[in-house]
Amino acid sequence: MPDDVRAYFTQTIQQVADFFNVRPGDILGILKAENNGAGFRLYQPAVSTAGAVGVAQIVPRTWNGWANPITDRHLPSLLDIERHGGIGFDWDARDAWSAWKKGDLPDDAIADTHADPMQFEDAVAAVARHLAQWGLTRDAARDNPVWFQKRLADAVAVYNSGRTLSQSADWRQSSANPKTVAQYVAEAVQTAAATPDTLAVQPAATTAPLDALTDAYTRAYTQAFGAPPADARRRVAQNAMLLADLAAGKRTLDEAAAILLNEDEAHFIAEARAAEAAGRPLPWPYARNTEELAIQKLATRILGHPLTADELHALAAVAQGDLTRAAESLRARGDAAVVAEVQARMADILQREVALTEAAALVQPLLHGLDPWRLDAATRQALVVQAEARLRTTDEYRRLYGEPRFTAFPMHPMPRIFKPFGVPVDYQVGGKHTGIDVALPPTADGRQPTLYAVADGTVVHVGPLYCNQPDQCRGGHAIVIDHGDNVYSLYSHNSAAFVQVGDRVQAGQPIGRQGDEGYSFGSHLHFEVHVGGPFTGNWRQPFTQGAFVDPTDWLPPR
């Protein structure tokens with residue numbers, strides 16, 4: 001094994017032994033005996049004629065429990081395994097299992113688990129569970145060593161043959177493997193005796209191959225399937241030979257990652273076909289054939305997410321095996337352009353490379369109720385604004401820029417401010433500008449630019465503000481939104497309003513159009529923020545308490 005894989009192997013054995021209070025040497029003894037002197041492994045793809053799988057070579061009956069009626073496959077549910085006395089285990093669910101054993105969690109907590117004998121940690125945990133079920137704890141080894149040694153020999157024999165050593169000593173493994181159960185037990189016990197109770201878990205001299213391939217594999221998998229693998233490091237560590245080839249320069253990172261990805265794809269197709277035959281189809285990334293897999297990978301690269309089953313079947317019917325046609329069809333979807341623009345905006349705001357799948361994760365919830373094939377330009381732009389608003393609520397954004405008070409800009413893209421807050425004016429009470437003035441040119445089809453809610457809130461006013469005279473005050477479509485805690489945003493001189501009093505709005509939601517109504521010298525938005533006092537409900541005197549504040553202190557930094 002490469003040093004980094006050996007460190008991972010040793011650390012895992014020690015952690016599992018500590019968790020179940022058994023000796024690591026007893027686990028290692030069974031693992032070594034099961035591999036017939038071939039050394040220790042992190043991955044064993046072969047399946048024996050008895051159906052034994054994984055590095056611990058566990059048959060379904062032992063994994064599921066001998067009283068379990070299901071004997072043709074290894075069950076993933078810890079609850080099913082527990083009910084029938086099996087030794088199968090889901091290492092990732094160990095905390096939930098411990099709490100369940102104490103009575104602190106209900107049965108549901110361990111029902112939907114993923115115990116898998118092909119996973120190294122799960123297989124090691126199953127061996128430890130077998131030892132613990134036989135009472136072979138560290139305490140027992142210390143308190144009664146003679147009893148312990150006899151008990152260990154029987155436990156190892158039962159693990160291998162299903163019978164105690166006195167009943168099965170002369171049994172042979174198979175016609176191809178003449179080793180007797182007695183020899184198997186002797187090998188396991190010898191390894192256990194030569195192993196200290198606490199392993200020396202030495203950090204690897206370097207973890208470069210493991211780390212580098214984990215990163216490369218994660219990138220390739222995410223690009224192909226739209227989400228990162230569940231446990232990339234463990235998946236990579238199980239391929240010791242591939243890591244050795246990488247360390248020796250026999251393969252490049254991309255080649256090694258591609259090998260892992262090809263194995264995944266073959267697994268997904270095989271599992272999907274078996275599940276469909278059993279009447280329990282599996283979700284993506286499981287696919288019934290290479291054509292479906294190829295289309296879904298295209299969708300992930302273009303849209304940032306896989307298609308639904310209906311979308312997949314419809315596109316497959318249109319493409320007729322022509323992936324170029326499928327790609328053209330996917331690029332014609334409106335959400336493809338939205339996700340691409342959001343990806344670019346995220347990269348600019350977060351100042352790092354952003355995967356298309358990350359952008360899609362922001363956009364997807366906003367598409368509910370919309371037809372992705374029929375998104376006009378205004379809808380696409382609104383989706384981009386709302387996705388940016390969602391981005392500004394994330395922990396990563398807050399770490400970079402602090403806590404934003406508002407999460408969206410009133411216009412997109414936000415134009416430069418041509419009249420800032422507080423400059424002297426002769427047309428407002430107090431002689432100072434109470435907001436900021438910004439403007440964008442008309443759209444390509446001649447319409448005025450869209451205005452957006454800067455944060456979630458409730459519309460409390462739509463109509464004139466301060467006065468209702470042509471060429472005076474704020475025009476007839478001014479909008480006031482209450483954001484709670486006596487914080488209000490005001491939008492004036494609008495040519496249209498899309499909302500009405502009582503509407504709940506979300507950050508980035510279109511609410512109206514820029515305009516030239518009221519006291520205005522050209523189409524623009526006069527945007528204000530008022531704090532410290534409630535909206536009176538009287539549009540002639542909307543506020544009697546509080547004050548207008550500089551909106552730039554409330555808008556996102558970028």
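A salt bridge is here a side-chain nitrogen of Lys or Arg within 4 Å of a carboxyl oxygen of Asp or Glu. By this criterion the structure, which is a predicted model, holds 27 salt bridges. One of them pairs arginine 333 with glutamate 311, with the closest N and O atoms 3.2 Å apart. This pair links distant parts of the chain, the two residues being 22 residues apart. Arginine 333 lies in the loop between helix 17 (323–331) and helix 18 (334–350), whereas glutamate 311 belongs to helix 16 (residues 309–319).

Arginine 398 is partly exposed, with a relative accessible area of 28%. Aspartate 395 has a relative accessible area of 53% and is therefore classed as exposed, the threshold being over 50%.

The packing of helix 18 and helix 19 was examined next. The axes of helix 18 and helix 19 come within 8 Å and cross at roughly 110 degrees. Because angles of 65 to 115 degrees count as roughly perpendicular, helix 18 and helix 19 are placed in that class. The crossing of helix 18 past helix 19 is right-handed. On the side of helix 18, the contact is made by Val338, Val339, Ala340, Val342, Gln343 and Met346. Helix 19 contributes Leu356, Glu358, Ala359, Ala360, Leu362 and Val363. By class, this contact has 10 nonpolar residues, 1 polar residue and 1 charged residue.

Apart from neighbours within four places in sequence, threonine 357 is in contact with Thr222, Gly226, Thr300 and Gly304.

Burial was also examined for helix 2, which covers residues 24–34. Of its 11 residues, 10 are buried, so helix 2 is largely enclosed by the rest of the structure. The buried residues of helix 2 are Pro24, Gly25, Asp26, Ile27, Leu28, Gly29, Ile30, Leu31, Ala33 and Glu34.

Several loops contain backbone features of note. Most residues other than glycine have a negative phi, and most peptide bonds are trans. Histidine 412 and proline 413, however, are joined by a cis peptide bond, with omega of about -5 degrees. Proline 413 lies in the loop between helix 21 and strand 1 (436–438). Glutamine 320 is not a glycine, yet has a positive phi of about 50 degrees. The place of glutamine 320 is in the loop between helix 16 and helix 17, and with a relative accessible area of 61% this residue is exposed.

Cysteine 473, also not a glycine, has a positive phi of about 55 degrees. Cysteine 473 lies in the loop between strand 3 and strand 4 and is partly exposed, with a relative accessible area of 22%. The loop between strand 3 (457–463) and strand 4 (478–482) also holds proline 470. Proline 470 is exposed, with a relative accessible area of 72%. The C-alpha atom of proline 470 is separated by 8.0 Å from that of tyrosine 519, a residue 49 residues apart from it along the chain.

Conventions
Residues numbered from 1 in each chain as written. Predicted model: local features only at pLDDT ≥ 70, side-chain atom pairs only at ≥ 80, totals over all residues. Heavy atoms only, no water. Helix = DSSP H or I, 4+ residues; strand = E, 2+ residues; numbered from the N terminus. Buried < 20%, exposed > 50% of the residue type's maximum accessible area, 1.4 Å probe, protein only. Contact = heavy atoms within 4.5 Å. Axes fitted to C-alpha atoms, helices over the stretch in contact; angles between N-to-C directions. Parallel < 35°, antiparallel > 145°, perpendicular 65-115°, else oblique. Left-handed = near helix turned anticlockwise from the far one by under 90°. Nonpolar A, V, L, I, M, F, W, Y, C, P; charged D, E, K, R; others polar.
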